[in-house]
Amino acid sequence: MTAPIIQIPAEDLTRQYQQIKWEIAAAIDSVLPSGKYTLGPALEAFEKEFAAYCGARHCIGISNGTEALHLSLLAMGIGPGDEVITQANTYVATSFAINYTGAKPVFVDIEPRYTNMDISLVEAKITPRTRAIIPVHMYGHPVDMDPLMELARRHHLLVLEDASHAHGATYHGRRTGALGDAAAFSFYPSKVLGAYGDGGGIVTNDDDLAQRIRVLRYMGQEVKHTHLVVGQQQRLDPVQAAVLRVKLRHLERWIEDRRRVAALYTRLLADLPLETPQEAEWGRHVYYMYTVRCAQRDALVTFLAQRGIETQKVYATPVPLQPCYQYLEYSPADVPVAFRCANELLNLPLFPEISQAEIESVSSAIHDFFAGTGGGIA
């Protein structure tokens with residue numbers, strides 16, 4: 001059977017590149033003649049600019065988002081015997097970073113409105129071994145951070161934001177990245193701010209923590225060939241930093257385009273029996289993904305694919321229910337909201353350059369699906 005031809009992709013990075021390719025070429029050309037292909041002024045400039053964008057004192061460029069989480073935890077002193085609390089519906093990198101330190105991930109369920117960590121469940125998971133909490137700003141909507149920070153301070157815990165979905169999202173007017181003790185960002189190409197390859201960054205207002213991270217990311221050294229600790233080779237390279245500097249200049253416009261697309265989807269889908277994303281009055285959603293909830297999700301995926309419309313199921317299995325975490329003995333009953341969302345959430349095509357006609361075509365196809373099946377939210 002011939003696979004349907006994709007007419008509307010879930011994401012399309014080529015359209016954005018066509019808009020800025022001359023700026024990108026100039027930025028790369030400014031790095032290559034310098035001979036500074038690791039660390040150097042291009043990386044330092046991006047770090048300074050992204051820190052300022054987030055409203056923080058420091059940004060440390062890291063090789064990828066997973067290592068941004070990992071090195072943050074190492075710099076916080078997390079290690080064997082410790083526990084770190086995170087949420088059940090994140091990408092597995094969030095919990096893998098905990099494992100890499102030798103600590104144990106502890107999972108909490110999510111709240112259904114924004115699919116973020118259910119803060120009311122966190123305190124019950126705190127034990128004498130708990131050292132930190134990793135909230136994840138899912139799909140671009142910020143976590144309700146004030147009550148979480150109050151809880152963390154009361155129990156003397158550190159908070160590491162996983163902001164990989166949420167570049168530019170705001171909470172009570174403050175940008176993600178400056179809400180916890182530190183924040184880890186991914187600059188994977190499809191992110192709200194993405195490089196042309198792997199990349200990540202750590203943002204913090206803590207001067208000592210920032211210095212420990214800088215030492216850890218470059219083989220444990222402050223001065224070359226003097227290794228203070230066992231470090232790693234996890235630098236963001238300056239060519240990617242140059243690309244990110246260009247894209248950072250466009251980021252607010254692209255976020256507004258994402259919000260415009262989301263608003264149009266929400267209006268067009270309002271008469272259907274499915275749940276569209278919500279935005280808290282205290283937050284700005286940047287719509288890394290436009291995520292709807294539908295009881296007949298898998299049937300809808302098949303139907304849209306037959307119309308040439310690509311969608312994504314992110315993430316279709318809660319992390320504690322993945323085979324690699326069988327040893328922790330979680331069941332769906334331990335994370336019921338995350339389990340239900342994993343079986344019902346669907347990401348519709350969304351990227352800043354998607355056209356109104358394409359959005360209307362997606363909406364029309366979804367209307368046709370419901371007209372034929374009567375499916376909806378359970």
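This is a predicted model: local features need pLDDT of at least 70, side-chain atom pairs count only at pLDDT 80 or more; totals for chains, interfaces and linings use all residues.

Colleague: How much space lies in the largest pocket, and which residues lie nearest its centre?

Modeller: About 410 Å³ of space lies in the largest pocket. Its lining is made up of 24 residues. Those nearest the centre are Y91, S186, Y188, K191 and Y315.

Colleague: Which element gives the most residues to the lining of the largest pocket?

Modeller: Two elements, α3 (65-75) and α4 (92-100), each give two or more residues to the lining of the largest pocket. The element that gives the most, with three residues, is α3.

Colleague: For the second largest pocket, what is the volume, and which residues lie nearest the centre?

Modeller: The second largest pocket holds about 190 Å³ of space. It is lined by 13 residues. Nearest its centre lie L39, R214, R217, Y218 and E222.

Colleague: Which element gives the most to the lining of the second largest pocket?

Modeller: At least two lining residues of the second largest pocket come from each of α2 (41-54), α6 (207-217) and β10 (221-223). By class, this lining has four nonpolar, three polar and six charged residues. Four lining residues come from the element that gives the most, α6.

Colleague: Where is the kink in α1 centred?

Modeller: Helix α1 covers residues 13-31, and a straight helix of 19 residues would span 27 Å at 1.5 Å a residue. Between its end C-alpha atoms, α1 spans only 23 Å. The helix has a kink of about 70°, centred on I20.

Colleague: Which residues of α1 are buried, and what covers them?

Modeller: The buried residues of α1 are Q16, I20, I24, A27 and V31; I20 is also where the kink is centred. What covers these buried residues includes α2 and α7 (238-268).

Colleague: In α9, which residues are buried, and what covers them?

Modeller: Helix α9 has A338, C341, A342 and E344 as buried residues. Their cover includes β13 (290-293), α8 and β14 (345-348).

Colleague: Is D82 buried or exposed?

Modeller: D82 is placed in the loop between α3 and β2 (83-87). Beyond residues up to four places away in sequence, D82 touches G77, A103, K104, R129 and R131. Its relative accessibility is 13%, and the cut-off for buried is under 20%. D82 therefore counts as buried.

Colleague: Where is R131, and which residues does R131 touch?

Modeller: R131 lies in strand β4. With 30% relative accessibility, R131 counts as partly exposed. Leaving out residues up to four places away in sequence, R131 touches M76, G77, I78, D82, E83, L157 and L158.

Colleague: Which peptide bond is cis, joining V314 to what residue?

Modeller: Most peptide bonds are trans. The bond in question has an omega of about 10°.

Colleague: What is the phi of Y139, and is Y139 buried or exposed?

Modeller: Most residues other than glycine have a negative phi. Y139, in the loop between β4 (130-134) and α5 (145-154), has a positive phi near 60°. Because its relative accessibility is 4%, Y139 counts as buried.

Colleague: What is the phi of H225, and is H225 buried or exposed?

Modeller: H225 is placed in the loop between β10 and β11 (226-227). Its phi is positive, near 75°, in a residue other than glycine. The cut-off for exposed is over 50% relative accessible area. At 64% relative accessibility, H225 therefore counts as exposed.

Conventions. Residues are numbered from 1 along each chain as its sequence is written. Side-chain values use heavy atoms; hydrogens and water are left out. On a 1 Å grid over the protein atoms alone, a cavity is a set of points where a 1.4 Å probe fits but cannot get out, and a pocket is an open set with protein on both sides within 12 Å along at least five of seven lines; lining residues have an atom within 4 Å of a point. Grid points are joined across faces, edges and corners, and a volume is the space filled by probe spheres set on the points. Ala, Val, Leu, Ile, Met, Phe, Trp, Tyr, Cys and Pro count as nonpolar, Asp, Glu, Lys and Arg as charged, and the others, Gly among them, as polar. The expected span of a helix is 1.5 Å times one less than its number of residues. The bend at a residue is the angle between axes fitted to the seven residues ending there and the seven starting there. Buried means under 20% relative accessible area, exposed over 50%, partly exposed in between (1.4 Å probe, protein chains only). Contact means heavy atoms within 4.5 Å.
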